Amino acid sequence: MTDYDLMCRQLESLSEGVAWDMTVLSNASALIWDTLDDINWAGFYLMKDGKLQLGPFQGKPACTVIEVGKGVCGTAIAEDKTQLVKNVHEFPGHIACDSASNSEIVVPVHAGDTLYGVLDIDSPKFERFSEEDREGLEAFVRILESILK
């Protein structure tokens, strides 16, 4: 069971006095990678030129550009809503950046009133992510949103 309260406090501590978003996002992805069990990718896609573009992450090389409305990440941005997918192979239009991934959670990230990007976490385990994970990761993203410029 993940201690999301601790993870949020660690993010706040790691981000204190940091002026550059990429540093914050890099440490956030490393913190998730180090804390969550049974994951094979954790990172961010950031909105640029109307598309999601690869940002800081931990894991294998990843897709570099995702269209809004495509795949789990693009759907999360299009709907501005967390996507918790227990089996990615059943998600219409899933983009398989890593064939080992079987479940995924994607949380939209805002900077002020603007959609900034998404937090994307993949797992090789089916049904890896729960409602507790959704709540914990949404709290984690709220901390990020309070830091991002």
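Me: Fine, but what am I looking at, and how are the residues numbered?

Reply: This is a predicted model, in which local features need pLDDT of at least 70 and side-chain atom pairs count only at pLDDT 80 or more, while totals for chains, interfaces and linings use all residues. Residues are numbered from 1 along each chain as its sequence is written, and side-chain values use heavy atoms, with hydrogens and water left out.

Me: How many helices and strands are there?

Reply: The protein has four helices and six strands, where helices (H or I, at least four residues) and strands (E, at least two) are DSSP runs numbered from the N terminus. Along the sequence they come in the pattern α-α-β-β-β-α-β-β-β-α.

Me: And what is the radius of gyration?

Reply: The protein has a value of 14 Å, which agrees with the figure near 15 Å that a compact globule of 149 residues would have; the radius is taken over C-alpha atoms, and the globule rule is 2.2 Å times the number of residues to the power 0.38. The C-alpha trace spans about 40 × 35 × 25 Å along its principal axes.

Me: What share of the residues is buried?

Reply: Buried residues make up 50% of the 149, with buried meaning under 20% relative accessible area, exposed over 50%, and partly exposed in between (1.4 Å probe, protein chains only). As for contacts (heavy atoms within 4.5 Å), among those between residues at least 6 apart in sequence, 53% join residues at least 24 apart.

Me: On to charges. How many positive and negative side chains are there?

Reply: There are 12 positive and 25 negative side chains, and the centres of the two sets lie 3 Å apart. Lys and Arg count as positive and Asp and Glu as negative, whereas His and the chain ends are not counted; the place of a charge is taken as NZ of Lys, CZ of Arg, CG of Asp or CD of Glu.

Me: How many salt bridges does that give me?

Reply: The count comes to five salt bridges, each being a side-chain nitrogen of Lys or Arg within 4 Å of a carboxyl oxygen of Asp or Glu. Side chains of opposite charge can pair when their charged atoms come close.

Me: Which residue pairs with aspartate 38?

Reply: Aspartate 38 forms a salt bridge with lysine 125, with the closest N and O atoms 4.0 Å apart. The pair links distant parts of the chain, 87 residues apart, since aspartate 38 sits in the loop between α2 (21-35) and β1 (41-48) and lysine 125 in the loop between β6 (114-123) and α4 (131-147). Aspartate 38 is partly exposed at 43% relative accessibility, and lysine 125 is partly exposed at 44%.

Me: Where are lysine 51 and glutamate 67, then?

Reply: Their side chains meet in a salt bridge at 3.6 Å, N to O. Lysine 51 lies in strand β2 (residues 51-59) and glutamate 67 in strand β3 (residues 65-67), so the pair ties together parts that are 16 residues apart in sequence. Lysine 51 is partly exposed at 31%, as is glutamate 67 at 37%.

Me: What does glutamate 131 pair with?

Reply: Glutamate 131 forms a salt bridge with arginine 134, the closest N and O atoms being 3.1 Å apart. The two are three residues apart in helix α4, and therefore separated by about one helical turn.

Me: Changing topic: what is phi at aspartate 49?

Reply: Phi of aspartate 49 is near 55°, a positive value in a residue other than glycine. Aspartate 49 lies in the loop between β1 and β2 and counts as exposed at 65% relative accessibility. Glutamate 127 also has a positive phi, of about 55°, although it is not a glycine; glutamate 127 is in the loop between β6 and α4, and is exposed at 55%.

Me: Last one: is valine 118 buried or exposed?

Reply: Valine 118, in strand β6, is buried, with a relative accessible area of 0%. Leaving aside neighbours within four places in sequence, valine 118 is in contact with residues including Phe44, Leu52, Ile77 and Val107. Isoleucine 32, in helix α2, is likewise buried at 0%, and its contacts beyond four places in sequence include Met7, Leu119 and Phe140.
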